[in-house]
Amino acid sequence: MTAMLKDKGQLMFEDKWPSMRPIILKLLQQEPVTQNEWQDLFYSVHLVCLWDEKGPPKVKDALRDDIMDFIQRAQTRVLSHQEDQALLKAYIAEWRKFFTQCNYLPTPFRQLETSLQGKSMPSVKPPESIVRKLMLDSWNQSIFYDIKKRLQDSAMKLVHAERNGEAFDSQLVIGVRESYVNLCSNTDDKLQIYRENFEKAYIEATES
């Protein structure tokens, strides 16, 4: 019986992922998810992580692929805007949507995080969700890395406009700054990305 369950477990990820993936994509895209779908995702993650020895890394890799695909689509939408303020507005809208999901998407993957940490019953909640960190790092290494110079240059133009008494949308500067602050997944220094990028550019812009 145990051998039969083990054999079945070897196929569990491949069996379950096709039904898990559409729910994950809905969550990423902030589309409505039914209570049954939400519960099914919890249960499927639980089964895969418990019965498939290679299930946890398979789930993480597949999840990373879908997160990266979602981010690449967001980047395409952002870069379709050539004008500075339109670019900032588009980036802020995409970032806020994604950041909201950073708080929701990890929830069904608690068993995955437990399995990846090598603990069956963790006594202390980890300081940073593995899935949340995966999401933030993926955003940082793709869209943010690719266009952060354009974001900073566009934001600093608004700073100069303010200094010159010109009309500008202060919420755009605030929105970009918030993204820099919230993007960092380094729990020891949450302001690292902000300090090394936005703050440095802001100081240079206000001193020039």
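I begin with one aromatic cluster, formed by Phe70, Tyr91, Trp95, Phe98, Phe99 and Trp139. Rings of Phe, Tyr and Trp (its six-membered ring) pair if their centres lie within 6.5 Å; planes under 30 degrees apart count as stacked, over 60 as edge-to-face and the rest as tilted.

The model is predicted: local features need pLDDT of at least 70, side-chain atom pairs count only at pLDDT 80 or more, and totals for chains, interfaces and linings use all residues. Residues are numbered from 1 along each chain as its sequence is written, and side-chain values use heavy atoms, with hydrogens and water left out.

The structure holds 11 aromatic pairs. One of them joins Trp95 and Phe98, a tilted pair at 6.4 Å centre to centre with 40° between the planes. Both residues lie in helix α5, three residues apart, about one turn of the helix; helices here are DSSP runs (H or I, at least four residues), numbered from the N terminus. Trp95 also pairs with Phe99, and this pair is stacked, at 5.2 Å centre to centre and 20° between the planes. Trp95 and Phe99 are four residues apart in α5, again about one helical turn.

How buried are these side chains? Trp95 has a relative accessible area of 3% and Phe98 one of 1%, so both count as buried, that is, under 20% relative accessible area with a 1.4 Å probe, protein chains only. Phe99 is buried as well.

Finally, I turn to helix α4, residues 55-79. Its buried residues include Phe70, Ile67 and Ile71. The buried residues of α4 pack against α2, α3, α5, α6 and α7, where contact means heavy atoms within 4.5 Å.

Methods. Helices (H or I, at least four residues) and strands (E, at least two) are DSSP runs, numbered from the N terminus. The expected span of a helix is 1.5 Å times one less than its number of residues. Buried means under 20% relative accessible area, exposed over 50%, partly exposed in between (1.4 Å probe, protein chains only).
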